[in-house]
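My entries follow in the order in which I checked things.

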Amino acid sequence: TLATVPIRCVVNGDPVEVPQVWVADSLLFVLRERLGLTGAKDGCGEGECGACVVLLDGEPVLGCLTPALAAEGSYVTTVEAYGEGDEVSAALAAHCGAGCGYCLPGIGLSVRTLLARQPEPSESAIRESLSGHLCRCLPPGPFVDAVREASETRAASGL
Ligand code: FES
């Protein structure tokens, strides 16, 4: 039987081919250990914390539970796609910078997905988008404030 296969996908806009991916490898493992993209974090490894969230064809997925093979032929987006930062990373830094920051890359990707779909999200929509993410340092309030600020910044800049 074939234990390893190559996968081809587009990561943060760049076409990549990763040879010899084991069928049991997670997408998180391949991003971090094979492609050197360490923005997505390995928190619990069990689907509980959301630190590993990346976008697969625009949908937030748990990198630790998603087989790397699922990325074949797909578009993968990690926090590294946002380079120097955008209004979401600025708002998260401003409101949630007192925490350790470990959860922020994953939260940022969920927040960007929310704002792309709902430019002015309700508080319940914001809390729903944050619900798959655990933060050990801060209560939910600062995150809700950060999403509101990012939403307002986007509106003010016509995004
Ligand atoms: Fe994937 Fe915690 S590392 S959910």
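**Entry 1: helix α5**

I began with α5, residues 141-156, which has 16 residues and reaches 23 Å from its first C-alpha to its last, close to the 22 Å expected at 1.5 Å a residue. The model is a predicted one, and I read everything below with that in mind.

Next I asked which residues of α5 are buried. I found F143, A146, V147, A150 and S151. These residues lie on the same side of α5, because they cover an arc of only 135 degrees around the axis. On the face turned away from that buried side I noted the exposed residues G141, A155 and A156. After α5 comes G158, and I recorded a positive phi for G158, near 75 degrees.

I then looked up what the buried residues of α5 pack against, and found α2 (87-96), α3 (104-117) and α4 (123-130).

**Entry 2: α4 against α5**

Two packed helices are described by the angle between their axes and the distance between the axes. For α4 and α5 I noted axes that come within 10 Å and cross at roughly 115 degrees. I logged the crossing of α4 and α5 as right-handed. Which residues meet there? From α4 I listed E123, I126, R127 and L130, and from α5 F143, V144 and V147. Of these, F143 and V147 are also among the buried residues of α5.

**Entry 3: helix α2**

I repeated the burial check on α2 and wrote down V88, S89, A91, L92, H95 and C96 as its buried residues. They share one side of α2, because the arc they cover around the axis is only 165 degrees. I looked for what covers them and found that the cover includes α3 and α5.

I went through the pairs one at a time. Strand β1 (residues 4-11) runs antiparallel to β2 (residues 14-22), and seven bridges join them. In this pair I found T4 opposite W22 of β2. The hairpin of β1 and β2 has two residues between the strands, and N12 takes a positive phi there, near 50 degrees.

On to β1 and β5 (residues 75-77): these run parallel and are joined by two bridges. I noted Y75 in β5 as the bridge partner of V10.

For β3 and β4 I recorded antiparallel pairing over four bridges. L56 has E59 in β4 as its bridge partner.

**Entry 4: E46**

Last, I looked up E46, which I located in the loop between α1 (27-34) and β3 (53-56). Is E46 buried or exposed? I counted 9 other C-beta atoms within 10 Å, so E46 is exposed. I also took the separation of E46 from A24: their C-alpha atoms are 14 Å apart, and the two residues are 22 residues apart along the chain.

Notes:
Residues numbered from 1 in each chain as written. Predicted model: local features only at pLDDT ≥ 70, side-chain atom pairs only at ≥ 80, totals over all residues. Pairing = 2+ DSSP bridges. Buried ≥ 20, exposed ≤ 12 C-beta atoms within 10 Å, placed from the backbone. Expected span 1.5 Å × (residues − 1). Arc of directions from axis to C-beta. Contact = placed C-beta atoms within 7 Å. Axes fitted to C-alpha atoms, helices over the stretch in contact; angles between N-to-C directions. Left-handed = near helix turned anticlockwise from the far one by under 90°.
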